[in-house]
Amino acid sequence: MSDWSLRLARSEDAEAFHSVEEDAAQLLIEEPSLAGIPVPPSRSADEYRTMIGGRHCLAATSGERVVGFAAAHRIGRELHLHELSVARDFQRKRIGATLLNALKIDANNSGVRAITLHTYRDIPWNAPFYARHGFVIIEDLTAYPRLAAGQDAAVEFGLPRDRRCAMIHFID
């Protein structure tokens, strides 16, 4: 029996999304291979509230506490996953995988053709995790100017281009 459940995010979850992202970001801060590389700031509660209003964000809860979330928004016929985070004390319980699978169901039910995201290529809980869930790295971003612009913005912030990637999962 699990000690958590999944639901559509609510506006009042926005503060918790920010807190969970801050907590999970500690893993990037502590990752030795990322020493000296800045960690982008967490999104504000207001930014999350706006995304939640689009009705493509999911919350994992344990009791009344939000312990994980998937924050996505629709862009045309795609969902862009901005953040998938799970509080460190709730990791390794399949919450991230369940959030991702639920997001795929939401995308399919919404008539979306694909889910996109940006992440690190080589950090185990980043691209390798998404690859296990059917996402593929887009090596040539020419056909995806929105994703190319996101990569460029990450590099401008100080993230290493060669370690970053955009990924896509096409909805069947």
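## Terms and model

Helices (H or I, at least four residues) and strands (E, at least two) are DSSP runs, numbered from the N terminus. The model is predicted: local features need pLDDT of at least 70, side-chain atom pairs count only at pLDDT 80 or more, and totals for chains, interfaces and linings use all residues. Residues are numbered from 1 along each chain as its sequence is written, and side-chain values use heavy atoms, leaving out hydrogens and water.

## Helix α3

Helix α3 covers residues 95-109, 15 residues in total. From first C-alpha to last, α3 reaches 21 Å. That is close to the expected 21 Å at 1.5 Å a residue, where the expected span is 1.5 Å times one less than the number of residues.

The buried residues of α3 include I95, L99, L100, L103 and K104. Just after α3, G111 takes a positive phi of about 75°.

## Y130 in helix α4

Y130 sits in helix α4, residues 127-132. Y130 has a relative accessible area of 7%, so it is buried. Contact means heavy atoms within 4.5 Å. Setting aside neighbours within four places in sequence, Y130 touches L81, L84, L100, L117, T119, F135 and M167.

Y130 and I168 are 38 residues apart in sequence. In space, their C-alpha atoms are 9.2 Å apart.

## H133 in the loop

H133 is found in the loop between α4 and β6 (136-137). H133 counts as buried because its relative accessibility is 14%. Beyond four places in sequence, H133 is in contact with A97, L100, N101, K104 and H169.

Definitions and conventions. Buried < 20%, exposed > 50% of the residue type's maximum accessible area, 1.4 Å probe, protein only.
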